[in-house]
Amino acid sequence: MIRMFIAVAFLCSLGQASPRLPIEDTSTVHSAQLAQEVRNEFLHAWTAYKKYAWAHDGLKPLSTSYYDWYTAPLYMSILDALDTMILMGLKEEADTTREFLATHLSFDHDIYVKNFEITIRMLGGLLSSYQLTGDERLLKLADDLGTRLLPVFKSPTGIPYVDVNLKTGAVRNTRTTPGEVGTLLVEFGTLSKLTGKPVYYNTAKNAVQQIYNRRSSIGLVGTWIDAETGQWLDTDSHLSACIDSYYEYMVKCKILFGDQDFARMWDSSIVAVNTYLAHETVSGLWYGHADMNTGTRTKTWFGALDAFFPAVLALSGDVKTAARLQESCFTMWNTYGIEPEQFDYVRMEAPADPKWRRFFLNPEIMESAYYLYQYTKDPRYQRMGKVFFEDLKRYCRTDNGYAELKNVVSKEKNDRMESYFLAETLKYLYLLFAPPETLDFRNTIFNTEAHPIRRTWQ
Ligand code: DMJ
């Protein structure tokens, strides 16, 4: 595929904002065929996982081996992948997988787990697969997991600790982030609604409010906060890792639960975000970093994780800004043919430190293309998705699954395939091309790990 950077650079030099990168293939996207191809790639990755990493948390595709997060495996990839299989119509595979989880998954382990990760991947996975199948055993597992996670909130502030022991309820690690604290309520709230136990909703909602109440006088939050003292440990404000889904869940909780407190939180937060983080440059609209107290610009960085924001803007009703930001995301992707973890949108390159040049098979940019396609039906977003899909295959596919990249410039691979590649990246790509009846988009809220949740309660 021809990349059009010279033309874009020329447009930028003329000071023309938001250039729409031409996408070579302007013919009709053969969506049914692409959906089938994504499904095949899911099976390619899933088969490798089953062959080399079964019953472990994740696949190491280069060494054809596996990794676990803790001393006891929690079958993270299996649970994360289950609802993708269901949506892809892989019924037999999904039934066998669900049976395995229902009969083998146990949380009765003396291990400290990361509350945020286990909530979004496992609690979210159990709840969505329960809703999709009606298998009560999954709801029972979710309730058991929720009970074991609850002690994490028992800090003097109500802001959860980072880790909790699944057997003893002991907690540790007070250094946390708005993202980790604010990205729990879709799951805990849904668990409340499905079990009739209000404690989950109330506890997780209070945690978000504790962060929101500590926003600065100009309405921004920082990156790190102490769960016991409630003091900010780092005042860098942005939409990237550590904060990102704090904003996402304000919009989602407002819609899923009809809770107007979240409408108010979002309405005031988005004003601050658009005032201090949004950045109009010659290359278009971006969202960078600023100090939470002064609003002073600290970095002109945006990255792979920030690319969730067009989806959230679109969901909140601001499709126009979402579309403009997605064009910037597309520019970021096309700079190297795959997106880096961070991108300096003034220098138009990834920061030199190799750690910012990695790619972890992240889904956010595909997620945003999917949302924008749903709201606009503009085939441009399917064409973007096709570019993402082809580049993923070109640079990350291996004989045994998909691999992260150590460096988006050299394209050197890294020996890891995270479970969210199965839960999110391939799911959003599939849904972008699949027929509309595959999922009732308007009545679904995806948790931040792409597990679809429906409001099945009053
Ligand atoms: C996922 O676990 C979730 O999307 C989370 O919100 C952010 N990081 C990864 C994917 O990039």
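Predicted model: local features only at pLDDT ≥ 70, side-chain atom pairs only at ≥ 80, totals over all residues.
Me: What is the mean pLDDT of the chain?
Reply: The mean is 95, and 94% of the residues reach 70 or more.

Me: And where is the pLDDT below 50?
Reply: Over residues 1-17. Beyond near neighbours in sequence, that stretch has 25 contacts in the model.

Me: Switching to rings. How many aromatic pairs does the structure hold?
Reply: There are 31 aromatic pairs. One of them joins Phe308 and Phe309, with ring centres 5.5 Å apart.

Me: Why is the Phe308 and Phe309 pair edge-to-face?
Reply: Because the ring planes of Phe308 and Phe309 stand at 65°, and planes over 60 degrees apart count as edge-to-face.

Me: Are those two buried or exposed?
Reply: Phe308 is buried, at 2% relative accessible area. Phe309 is buried too, at 0%.

Me: Which residues form an aromatic cluster?
Reply: One cluster is made up of Phe42, Trp46, Tyr49, Trp54, Tyr75 and Phe100.

Me: What about charges over rings: where does the charged end of Arg175 sit?
Reply: Over the ring of Trp224, at 4.4 Å from the ring centre.

Me: And the charged end of Lys193, which ring does that sit over?
Reply: The ring of Tyr201, with the charged end of Lys193 5.0 Å from the ring centre.

Me: New topic. How many cavities of 30 Å³ or more does a search of the whole structure find?
Reply: The search finds 2.

Me: Which residues line the second largest cavity?
Reply: Its lining consists of Asn115, Phe116, Pro160, Tyr161, Val162, Thr176 and Glu180.

Me: How does that lining divide into nonpolar, polar and charged?
Reply: For the second largest cavity, 4 lining residues are nonpolar, 2 are polar and 1 is charged.

Key: Residues numbered from 1 in each chain as written. Heavy atoms only, no water. pLDDT = per-residue confidence, 0-100. Contact = heavy atoms within 4.5 Å. Phe/Tyr/Trp six-rings, centres within 6.5 Å; stacked < 30°, edge-to-face > 60°. Buried < 20%, exposed > 50% of the residue type's maximum accessible area, 1.4 Å probe, protein only. Lys NZ or Arg CZ within 6 Å of the ring centre and 35° of its normal. 1 Å grid on protein atoms, 1.4 Å probe; cavity = no way out; pocket = protein on both sides within 12 Å on 5 of 7 lines; lining within 4 Å. Points joined across faces, edges and corners; volume = space filled by probe spheres on them. Nonpolar A, V, L, I, M, F, W, Y, C, P; charged D, E, K, R; others polar.
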